[in-house]
Amino acid sequence: MPNIGTPELLIILLVVVLIFGSAKLPQLARSLGKSARILKAETKGLREDDDEQSDDKQASQSKAAGTADATGQDAARDRAAQLRAEAARLEREAAAGQDPAPRSQSALPSGEPIQGVPVDPSRTRQS
C-alpha cells in the first residue's frame with residue numbers, strides 16, 4: 001500500500017475543490033461535523049445503556065444477597081436537600097433585588113450582537 005504524502009494530499013484537496021466548488025465546501029464540512037457529533041452521541045448513549053444494564057444486574061444480585069443500598073438513597077436525599085436550599089437562596093436574592101438583569105441571549109456580554117444569529121428587535125437592550 002503506497003504512502004500518501006503532502007503532494008498527494010494537495011492533489012486530492014485540489015480535486016475536491018474543483019468537484020464541489022469553494023461555495024459548497026463549508027456546507028460539506030458542517031454537515032460532516034454534525035454527522036460526527038451525532039455518531040459520537042449515539043455511541044455514548046449505547047455505552048451508557050450497556051453500563052446501566054450491567055448496573056441493574058449488579059443491583060439485582062446485591063438485592064438477592066440481601067444487601068440494601070441505603071447509602072445511595074442517603075446521597076440522593078442529601079443532594080435534593082442541597083438543591084432545595086440553593087433554590088431558596090436564589091429566590092431570596094431575587095426577592096431582595098440582588099438578582100442582576102438577565103442578559104439578552106442574542107448579544108455578547110459587551111452588548112454586541114452575535115454574528116449569524118437573528119436578533120429580535122423587540123428584545124434588544126436599550127443602551
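## Salt bridges

The chain comes to three salt bridges, taking a salt bridge as a side-chain nitrogen of Lys or Arg within 4 Å of a carboxyl oxygen of Asp or Glu. Keep in mind that this is a predicted model, where local features need pLDDT of at least 70 and side-chain atom pairs need 80 or more, while totals for chains, interfaces and linings use all residues. Residue numbers start from 1 along each chain as its sequence is written, and side-chain values use heavy atoms, with hydrogens and water left out.

Start with the pair Asp74 and Arg77, whose side chains meet in a salt bridge at 3.4 Å, N to O. They sit three residues apart in helix α3 (residues 70–96), so about one helical turn separates them. For burial, the cut-offs are under 20% relative accessible area for buried, over 50% for exposed, and partly exposed in between (1.4 Å probe, protein chains only). Asp74 is partly exposed, with a relative accessible area of 40%, and Arg77 is exposed at 53%.

What distance do Arg89 and Glu86 show, N to O? Their side chains meet at 2.5 Å. Both residues belong to helix α3, three residues apart, or about one turn.

Arg89 also pairs with Glu93, and the closest N and O atoms there are 2.5 Å apart. This time the spacing is four residues, again about one turn of helix α3. On relative accessibility, Arg89 comes out at 32% and counts as partly exposed. Glu86 is partly exposed too, with 35%, and Glu93 gets the partly exposed label at 26%.

## Overall layout

From the N terminus on, the order is simply α-α-α.

How much of the chain is buried? Buried residues make up 2% of its 127 residues. The chain exposes about 11600 Å², and carbon and sulfur atoms supply 58% of that; the areas come from the Shrake-Rupley method with a 1.4 Å probe, and for residues only the protein chains shown count as cover.

Helix α1 has 15 residues and reaches 21 Å from its first C-alpha to its last, close to the 21 Å expected at 1.5 Å a residue (1.5 Å times one less than the number of residues). Zero of those 15 residues are buried, so α1 lies largely in the open. Just after α1 comes Gly21, which takes a positive phi of about 85 degrees.

Ile11, Val15, Ile19, Phe20 and Leu28 make a nonpolar surface patch of about 470 Å². Patch members have over 30% relative accessible area and no salt bridge; nonpolar side chains (Val, Leu, Ile, Met, Phe, Trp, Tyr) are joined within 5 Å, like charges within 9 Å. Which element gives the largest share of the nonpolar patch? That is helix α1 (residues 6–20), with four residues. Phe20 lies in this helix and is partly exposed, at a relative accessible area of 42%.

## Acidic patch

There's a charged patch as well: Glu48, Asp49, Asp50, Asp51, Glu52, Asp55 and Asp56 gather in a patch of negative charge on the surface. For the bookkeeping, Lys and Arg count as positive, Asp and Glu as negative, and His and the chain ends are not counted; each charge is placed at NZ of Lys, CZ of Arg, CG of Asp or CD of Glu. Asp51, one of the patch residues, is found in helix α2 (residues 25–64). With a relative accessible area of 46%, Asp51 is partly exposed.

Note on methods: Helices (H or I, at least four residues) and strands (E, at least two) are DSSP runs, numbered from the N terminus.
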